[in-house]
Amino acid sequence: MNTREMDRLFIEWTAENSGYDEHRNYIGLSTIADCPREIYRRYFDSTPASVSSRLKTRASYEIEENLKNRFRKMGVYGEGIEISLYNGLVKGHTDGEIWGRLLDIKTVPLTEHLPRDNNLPSKVFWQIQAYMFFGGWEDSVVLYFARDFGVHKFFYVRYHESMGKKIETKLTGILRDIEPATPSQCECGRCR
Ligand SMILES: [Zn+2]
């Protein structure tokens, strides 16, 4: 077998087993910060992901899995769960727990991409708040990991009741539009 053939088989298998979340038939809590119209559009969109985004997804899952293994070896890890709501129309997949707190893992290519101070991207903040609201956690830890030098940063996030309410209201609104297929209100001003 030549390397070209190896290439083909390796890529083919990876693309089929990438774990890429097509977001078909449900609203993912990981992107709940997005514009309602965008979430609505994605729910009905069935365009398959490109091979390159599948390769990237597979690689980040592998890194995340390695980090979970490290916590497992430390004896502080609890397995992740699937949060399924509104008859499965809304779903979230947690990365697990460490020291009894909800864990979410984000990997970035370079050390300089680690968020500074306590400035978590709002997309991540919304996601974590959604998991805590629906999963009943009071506090959580977001682990950022830089792939270049293996350095990391922990962010402690407490549950905010007002965020939980906001997320629930947003979801209820989008779900109300999905049933009769009426596009949700655009809040970002960029949707067509
Ligand atoms: Zn919009």
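**Notebook: sheet, helices, core**

I started with the sheet: β3 and strand β4 (residues 90–93) pair in the antiparallel sense over four bridges. I took helices (H or I, at least four residues) and strands (E, at least two) as DSSP runs, numbered from the N terminus. Two strands pair for me if DSSP finds at least two bridges between them.

Before going further I noted that this is a predicted model, where local features need pLDDT of at least 70, side-chain atom pairs count only at pLDDT 80 or more, and totals for chains, interfaces and linings use all residues. Residues are numbered from 1 along each chain as its sequence is written.

The open sheet has three strands in the order β1-β4-β3, with mixed pairing. At its edges I see β1 (27–28) and β3 (82–85), each pairing on one side only. Helix α4 (residues 122–135) packs on the sheet and touches β3 and β4, its direction making about 75° with that of β3.

**Helix against helix**

Next I followed α4 to helix α5 (residues 161–178): their axes come within 9 Å and cross at roughly 90°. That makes α4 roughly perpendicular to α5 (65 to 115 degrees; under 35 is roughly parallel, over 145 roughly antiparallel, the rest oblique). Axes are lines fitted to C-alpha atoms, for helices over the stretch in contact, and angles run from 0 to 180 degrees between N-to-C directions.

Which residues meet there? W126, Q129, A130 and F133 in α4 meet M163, G164 and I167 in α5. I call two residues in contact if their C-beta atoms, placed from the backbone, lie within 7 Å. The residues of this α4–α5 contact divide into five nonpolar, two polar and no charged (Ala, Val, Leu, Ile, Met, Phe, Trp, Tyr, Cys and Pro are nonpolar; Asp, Glu, Lys and Arg charged; the others, Gly among them, polar).

**The core**

I then looked at the largest nonpolar core: of its 22 residues, A130, Y131, M132 and I167 touch the most other members. Such a core is a set of buried Ala, Val, Leu, Ile, Met, Phe, Trp, Tyr and Cys residues joined through C-beta atoms within 7 Å; buried means 20 or more other C-beta atoms within 10 Å of a residue's own. The largest share of this core, six residues, comes from α4. I also checked A130, which touches L29, I32, G92 and I167, not counting residues up to four places away in sequence.

Technical notes
Buried ≥ 20, exposed ≤ 12 C-beta atoms within 10 Å, placed from the backbone.
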